[in-house]
Each structure stands twice: as structure tokens, then as C-alpha cells.
Amino acid sequence: MTNIDICNMALAHIAKGRIISLDSQVEEARQCKIYYEHLRKTVLTDFNWGFAKRIVPLALLDVKVASWDYVYAYPNQCIAARLIFNKDGAKVREFEKEKFDVFLVGDSTKAIGCDIANASLEYTYDAKEPDLYSAEFIEALSRLLASAIAISLTGNANLQATQYQFYQVALNKARYASATERERKPMYPNTYGNARFS
């Protein structure tokens with residue numbers, strides 16, 4: 001799988017032929033080149049994809065910020081901070097975003113502030129290798145790209161809206177697949193057995 005393959009999937013979704021290169025002078029290639037990189041990052045940030053997940057210890061910065069006890073360097077290639085941990089593995093849940101914040105220190109240094117010592121971060125990195133992409137990601141990216149280029153190449157607003165709806169469906173399938181992979185069989189207490197053999 002290559003980025004050209006993904007672009008050709010997007011073009012097939014709107015019945016607009018094929019390209020052989022993003023540097024080709026045909027309009028289909030020009031439109032794909034305009035949107036591909038931006039939308040690739042958009043899809044990466046819209047869901048916590050397993051293939052793009054990394055966990056790293058954070059590097060402490062010698063910076064003081066009034067609202068946080070610790071300020072860490074934002075990891076290279078990180079495009080979405082997801083969860084933060086302490087050295088003992090305690091997690092801050094995704095919906096508790098007030099537990100850490102991302103901001104600039106000075107003019108250009110991106111940083112993460114939190115109240116956790118020896119913090120590690122789970123994040124989505126800027127995965128550029130199509131061979132790593134899951135089938136769900138490829139479907140989602142091709143649908144979002146199809147939506148973005150549909151008006152320019154077909155003039156059909158309904159086709160654009162339909163492809164965006166397919167993108168939402170692809171994300172929902174990815175969420176379901178992820179939840180299924182993480183599902184564990186619950187362990188129920190056996191009070192009778194525990195009492196008998198204790």
C-alpha cells in the first residue's frame with residue numbers, strides 16, 4: 001500500500017480515474033496533493049490508532065509555569081497527546097484533559113504541563129508509512145480525501161457529503177474494532193467456592 005494507492009481509492013470513490021504520481025500535472029493529482037498530507041494528520045488525530053501509538057518517558061524542562069508543577073518537552077513527531085502516566089503506571093483518563101495541558105514555552109518550544117513527576121506520555125505519532133496503516137485507517141483516509149476533492153473534481157455537493165458520511169462510518173468501525181480487541185472476559189467472584197476452599 002502506498003499514498004498513491006490511497007489517493008486512487010479516493011478517486012475511485014468519486015468515479016474519477018487513477019493517477020500514477022502526486023507530481024503529475026493532471027487535475028486529479030493536483031487535488032490529491034493539496035489535501036493528502038493535511039488529511040492524513042487529521043485522520044490520525046481523530047482516533048487513537050493502535051499502529052500510531054507510542055509511549056515514551058517525557059524530558060523535564062527547566063521551566064516554571066504557575067499552573068503546573070512540572071513542564072516537559074513535547075515529543076518529536078507527536079501530533080496528539082492522549083494519556084499521561086507517572087512512573088508507577090497510574091493513568092489520567094482521556095476525558096480528564098484538565099490533568100495536563102499543551103502550550104508554547106517562549107516563542108517556539110512546545111511543552112506539556114502537568115502535576116505528575118517522572119511522567120510518560122501515550123501519544124499518536126506522525127505515521128507516514130502506509131504499510132503500517134490499518135485497513136480501517138486506509139478506508140477512513142480515502143473517504144475523507146474523496147470528500148475533500150469531490151467538489152473540485154465533480155462539482156457534486158451531494159457526493160462530497162456522502163463521502164464525509166462514509167468517513168464517519170469508517171471511524172465508528174475503527175472504534176468498534178478497537179473496543180473488541182481490548183475486550184476482556186470478566187471475572188466474577190465465586191463466593192461459594194471461596195468460602196468452601198478458604
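Which residues form one aromatic cluster? Phe47, Trp49, Phe51, Tyr133 and Phe137 do. The structure is a predicted model, in which local features need pLDDT of at least 70, side-chain atom pairs count only at pLDDT 80 or more, and totals for chains, interfaces and linings use all residues. Residues are numbered from 1 along each chain as its sequence is written, and side-chain values use heavy atoms, with hydrogens and water left out.

**Overall layout**

- The protein chain has five helices and six strands. Helices (H or I, at least four residues) and strands (E, at least two) are DSSP runs, numbered from the N terminus.
- From the N terminus on, the order of elements is α-α-β-β-β-β-β-β-α-α-α.
- Of the 198 residues of the protein chain, 39% count as buried. Buried means under 20% relative accessible area, exposed means over 50%, and partly exposed lies in between (1.4 Å probe, protein chains only).

**Confidence**

- The average pLDDT of the protein chain is 88, and 85% of the residues score at least 70. This score is the predictor's confidence in each residue, from 0 to 100.
- Among the elements, H1 has the highest mean pLDDT, at 98. Helix H5 (residues 191–197) has the lowest, at 51.

**Nonpolar cores**

- The largest nonpolar core holds 48 residues, and Trp49 and Ile84 touch the most other members. Such a core is a set of buried Ala, Val, Leu, Ile, Met, Phe, Trp, Tyr and Cys residues joined through side-chain atoms within 4.5 Å.
- Elements that give two or more residues to this core include helix H1 (3–13), helix H2 (27–46), strand E3 (78–85) and helix H3 (135–154).
- H3 gives the most to this core, with 10 residues.
- A second, separate core has five residues, among them Trp68, Val71, Phe103 and Val105.

- Six of the six residues of E6 are buried, so the strand is largely enclosed by the rest of the structure.
- Ser120, Glu122 and Thr124 point one way from E6. Leu121, Tyr123 and Tyr125 point the other way.
- Strand E1 (residues 53–57) runs antiparallel to E6, joined by five bridges. Two strands pair if DSSP finds at least two bridges between them.
- Within this pairing, Lys53 has Thr124 as its bridge partner in E6.
- E3 also runs antiparallel to E6, with six bridges. Phe85 stands opposite Ser120 in E6.

**Aromatic contacts**

- There are eight aromatic pairs. Rings of Phe, Tyr and Trp (its six-membered ring) pair if their centres lie within 6.5 Å; planes under 30 degrees apart count as stacked, over 60 as edge-to-face and the rest as tilted.
- Phe51 and Phe137 have ring centres 5.1 Å apart and planes at 75°, so they form an edge-to-face pair.
- Phe51 lies in the loop between H2 and E1 and Phe137 in helix H3, so this pair ties together parts that are 86 residues apart in sequence. Both Phe51 and Phe137 are buried.
- Tyr70 and Tyr72 have ring centres 6.3 Å apart and planes at 25°, so this pair is stacked.
- Tyr70 is partly exposed, at 28% relative accessibility, whereas Tyr72 is buried, at 2%.

**Charges over rings**

- The charged end of Arg54 sits over the ring of Tyr125, 3.7 Å from its centre. A charge sits over a ring if NZ of Lys or CZ of Arg is within 6 Å of the ring centre and within 35 degrees of the ring normal.
- The charged end of Lys110 sits over the ring of Tyr74, at 4.3 Å from its centre.

**Cysteines**

- The count of disulfides is zero. A disulfide is a pair of cysteine sulfur atoms within 2.5 Å.
- The closest cysteine sulfur to that of Cys32 is in Cys7, 4.1 Å away and too far for a bond.
- Cys32 is buried, with a relative accessible area of 0%. Cys114 is buried at 0% relative accessibility.

- Buried residues in H1 include Ile4, Cys7 and Leu11. Just after H1, Ala15 takes a positive phi of about 55°.
- Asn86 is found in the loop between E3 and strand E4 (100–105). Asn86 is partly exposed, at 24% relative accessibility.
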